[in-house]
Each structure stands twice: as structure tokens, then as C-alpha cells.
Amino acid sequence: MKKLLILILSVCILLSFAGCSGLENILGGDLAGGQVILNPSGEDKGIKRVDCDTLDLTVEIDTEHRSLGTKEYYRFINLNETEQKVYLAIEKAVKIADISVDLTGLSINYERAMEIAQIFMADCPQYFYMSKYINATHYEGSEDAVELRLYYTDGKVTDSMDGEKLTSQADRDIIEEQIEEFNDIVEEILEEIPVYYSDEEMVKAIHDYIVENTEYDEPAAALVDTDDMPPAYTAYGALCEGMAVCEGYAKAFQFLCYSVGINCAQVYGSGDGEPHMWNLVQIDDKWYHTDLTWDDPVGGDGRVYYDYYNLSWNEMKKDHVMDDNFLKLP
């Protein structure tokens, strides 16, 4: 049997100081690779793996709003049929925190498989417990991926492996508790948004809620080159802990928009020359740029700003630049 090659891509989005100016955008960059011979017996000699079949980490929001499903997300609908199968296989694994995604028979290039995993992460902020690390495996002499390996975090401990050996494991009980808390806060927020609101009124209500209830996390933004980022980089951090950096603001906004039936995408790029993240949101079939982080300035007077709310690209590009990578945008 030919040995398997494991190509390792760390999906890492880091920030360094106020204004999200340290965002390290590795998307579209070179892949870091290494060769590992998998244990031929399949025996795991490290930490005993959690029984994934006993877990249900589904984010389910009880609301009168017609929420979007993942098959309606902008980037999903722009994938081809095979790529969509990979995307949905990832989602199935993530819902039970399974580290293994079987891609056998899909004939998908391993590099593209890892890109789809990144697309999934950019599409699905509700799976805030996914780690930034993704591994793809393929047989020597073939570029078709046979497996993706995903890793999860409880905010303090992250899954990690050395070959076939699981060397650390996030606490799935903690993740389940976080999901319950996340579901509850999202439902509370949606209860305050009337279903008869227009799309623009809903977007404004979401924008205002996040700006009024979230504080920019300067200590988290100062972290550089750490293995894993704190909750401030997630929708959970913004909505449940009230602390976020630009990535957390953007992800919270994205999921709340999904929850009221409005499509929304994360935008990777720079602001005033520094790496940054914001959103594109679809209102009445048109797409607008919104930057909640910059509408909630550090040291502000506590009021809600609209300087970067629902702008055209011509208005936004005066101090924002979008990255050119495989994460296609409207």
C-alpha cells in the first residue's frame, strides 16, 4: 500500500493591535507541507478519541424569521456539484465534531479540498468551535484528496495530532454548552427584530445591536503568532462575551443576517493599509459593504456610527482594499 502524504494548511487569521491592523491573511498563500506515514493498523496510540456519534453540535435557532440554510449561502451556491459535496461533507463532520472527512471517490484535488474547507469556514460563523488548522491527505503519486482532517477548540484547548496520534482534545461538553448559550442569545436578539421589517431595517437593527453590545478587544488584537485565537475572533465572542476584534464583529453580523433570511459574506482585505475584515450584505438584491468595527471606534463616545454602513464599493474603497483570492465575492 502506498504511503499517504499529509499536506498541512493552517487557516490562521491573526490580529495585532487596535483597528484589526495585524490580520495575517494567508488565504491564497503557499501551502506548508510535510510527509507522514499513517499507522497501517489504524490503531490510535494517543488520547482516546471522543465518540462522535454521541454528539449533536447543531446550531438551531427557534425564530419566526425565515433563516437561510447553508445551501443558500453565497459562496456555497457558487461551487460546482463536486465542491458542494465536499462542503456538505465538512458540515456533516463539524456537526458532530468528527476530525475526519472522507473524500474517497470524489476526485477532488487536495489543494482545492482545503480551499473548500476555508470557504466553509468563511461561510459558516456559527461553527465557531472549528480550529484554524486543516489537513488534507492524498496518496503518493495522486493529487486527489482522500480525507480532510478538521480540528476543534473549546476556547482553551484545541485538538491536535502527531501522525495518527491524538495529542490533545477540546472538551466537547464545553463546546455543547457554548452552542446552547449561542443559540439562546441569538434567539433573544431575533425576538427584538420584527418579522415585518424590511431587509434594510433588519440589517440596521443587527448593526446597531452589535455596535451597542460589543466592545473592541484590544488585548486579543495584540496577539501575534499564537497557536489559537481567543473567542474574540468568533461570533461566539462577539455575541456571548461582548468582546470582539474585527473578525468577531464580521462573523456575528454575518450569522445574524443569515438568521433573518439575508445573505452576507465576510470580506478579507485591508483598511488604511492594515489587514482587516468586514462584510458584504445583500439588501433587495443589491450588495453593500458594512464595517461594524469601524462604526464602533475604540475610545468612541458610545453612540452608534454609520460612517461605514451599507456603502457602495466606490465609497468603501477610499480606505478599504479587498484581497484577490479564491474566496470570490459578489
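Which backbone oxygen does the side chain of serine 67 reach at 2.8 Å? In this predicted model, the side chain of serine 67 reaches the backbone oxygen of serine 259, a polar contact being a pair of N or O atoms within 3.5 Å, of which, within protein, one must be able to donate a hydrogen and the other to accept it, with residues adjacent in sequence counted only if both atoms are side-chain atoms. The model is predicted, and local features need pLDDT of at least 70, side-chain atom pairs count only at pLDDT 80 or more, and totals for chains, interfaces and linings use all residues. Residues are numbered from 1 along each chain as its sequence is written, and side-chain values use heavy atoms, with hydrogens and water left out.

The chain contains nine helices and 13 strands; helices (H or I, at least four residues) and strands (E, at least two) are DSSP runs numbered from the N terminus. Of its 330 residues, 53% are buried, where buried means under 20% relative accessible area, exposed over 50%, and partly exposed in between (1.4 Å probe, protein chains only). Among contacts in the chain with a separation of 6 or more, 67% come from residues 24 or more positions apart, contact meaning heavy atoms within 4.5 Å.

Serine 67 is located in the loop between strand E2 (32-35) and helix H1 (74-77). With a relative accessible area of 29%, serine 67 is partly exposed. When neighbours within four places in sequence are left aside, serine 67 is in contact with Glu72, Tyr258, Ser259 and Gly261. Serine 67 and isoleucine 262 are separated by 195 residues in sequence, yet their C-alpha atoms are 7.8 Å apart in space.

An open sheet is formed by four strands in the order E12-E11-E10-E13, with antiparallel pairing; two strands pair if DSSP finds at least two bridges between them.

In strand E10, eight of the eight residues are buried. In a regular strand, side chains alternate between the two faces of the sheet. Cys264, Gln266, Tyr268 and Ser270 point one way from E10, whereas Ala265, Val267, Gly269 and Gly271 point the other way. E10 pairs with E11 in the antiparallel sense over eight bridges, and tyrosine 268 has methionine 277 as its bridge partner in E11. The hairpin of E10 and E11 has two residues between the strands, and aspartate 272 in the turn has a positive phi of about 55 degrees. Three bridges join E10 (residues 264-271) to the antiparallel strand E13; glycine 271 is partnered there by histidine 320, and glycine 269 by methionine 322. Between E11 and E12, which also run antiparallel, there are five bridges. Asparagine 279 stands opposite threonine 290 in E12. The hairpin of E11 and E12 likewise has two residues between the strands, and aspartate 284 takes a positive phi near 50 degrees.

The largest nonpolar core has 88 residues, such a core being a set of buried Ala, Val, Leu, Ile, Met, Phe, Trp, Tyr and Cys residues joined through side-chain atoms within 4.5 Å. Ile90, Leu148, Tyr152 and Phe182 have the most contacts inside it. Leaving aside neighbours within four places in sequence, isoleucine 90 is in contact with Val101, Ile116, Ala117, Phe120, Leu148 and Leu150. Another core, of seven residues, lies apart from this one and includes Val267, Trp278, Trp294 and Met316.

Helix H3 (residues 110-123) has 14 residues and reaches 20 Å from its first C-alpha to its last, close to the expected 20 Å, calculated as 1.5 Å times one less than its number of residues. Because 11 of its 14 residues are buried, H3 is largely enclosed by the rest of the structure; the buried residues include Ile116, Ala117 and Phe120. At the start of H3, a side-chain oxygen of asparagine 109 comes to within 2.8 Å of the backbone nitrogen of glutamate 111.
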